[in-house]
Amino acid sequence: MITAKNAERVLLVDDDPMLVDSLSRVLSRKFDIATALDGPDALDAMEQAGPFAVVVTDMRMPGMNGVELIGHARALSPRTVFMMLTGNQDVGTALRAVNEGEAFRVLHKPCRNADLIRAIEAGLRYHRALTAEHELLSSTVIGAVRVQAELLHRACPELERHAEGFTDLVNTLSSGLGLDHHWELKLAAELAACGFVLNINAQDAWPSPADGRDALVKHWCAAAGAGAHHIAQVPRLGGVADRLRIAPQADVAILERTSAGGGDSAEPDAAVVRVAIEAHVACVRGLRGREVSQAVQQALPTTPDPVLSLLEAEAGIAAAPAS
């Protein structure tokens, strides 16, 4: 496999080694090209060396065809642009892939080099547009929510102390698990803290460490629900609301299978929020270090060992004062 050199990388997938070698020599003059000889090899490249801006795949390959590859690959990299090379016998399948939004463009084999180059250039332009929109959305929305959170913090200093401990735990876990590029997770952490004070105000009572673990966890799970309700009304932020909504029942065992090369799935992010709730509650109750990881393990027995190790090493940062 050719090692990619910059952010706008192109992955070429075909089971014909001679064709792959020929095309990669031509395309490498203009693009940063990596190659794979089948679907599993391509998925491995995306996990180990991604992300790729554009993936060009053959339709007919043994074991996993182009449509199947795109289906698996999109989960790993939602903003990658996929294109398909196809023979005449596969035109119907390829056109369905385009119409269903799976493929950006279909090219017939044999494809002229000039046509393939123009298609990749169009794919790169589309990827830039997707990336710019994503960055604008994430930075603008996170900034707006942080302003709102700051106002709540100033109005309620007790919330600020809780919010700092909780968001520090989320940041520690997301960084250690390779999820720190998930802006939806960062926003979910901010909104759970906001939801905490909204939920407390609705009940006109602050929870106390004396209330015990169950009561404190119930308050924070309700806070996640309040944050989900708060953000669900904002267009295009349904993914953030989903992370908060499913957090109280999240399967934390999924964090065993989480990697930095994964996609933007809501499930691991929600699991991080759930673990952070349990760890923060332990800290509020006065536990530290190994005591925190033991409390989390007792409450959430399927928590993976690497997550417990992160908590044991970093739990001191989450020391929120008693309410």
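Predicted model: local features only at pLDDT ≥ 70, side-chain atom pairs only at ≥ 80, totals over all residues.
**Notebook: helix H2 and the cysteines**

Next I looked up which residues of H2 are buried. The helix spans residues 39–49, and I found Gly39, Ala42, Leu43, Ala45 and Met46 on the buried list. Looking down the H2 axis, I saw these buried residues fall within an arc of 155 degrees, so they line one face of the helix.

Then I asked what the buried residues of H2 pack against.

I followed up on the helix pair. The axes of H2 and H3 come within 10 Å and cross at roughly 10 degrees. With angles under 35 degrees counting as roughly parallel, H2 is therefore roughly parallel to H3. From H2, I noted Gly39, Ala42, Leu43, Met46 and Glu47 in the contact; they meet Leu69, His72, Ala73 and Leu76 of H3.

Last, I turned to the cysteines. How many disulfides does the model hold? With sulfur atoms required to lie within 2.5 Å, I counted zero disulfides. I also checked burial, for which the cut-off is under 20% relative accessible area. Cys221 counts as buried because its relative accessibility is 16%, and Cys283 counts as buried at 1%.

Technical notes. Residues numbered from 1 in each chain as written. Heavy atoms only, no water. Buried < 20%, exposed > 50% of the residue type's maximum accessible area, 1.4 Å probe, protein only. Helix = DSSP H or I, 4+ residues; strand = E, 2+ residues; numbered from the N terminus. Arc of directions from axis to C-beta. Contact = heavy atoms within 4.5 Å. Axes fitted to C-alpha atoms, helices over the stretch in contact; angles between N-to-C directions. Parallel < 35°, antiparallel > 145°, perpendicular 65-115°, else oblique.
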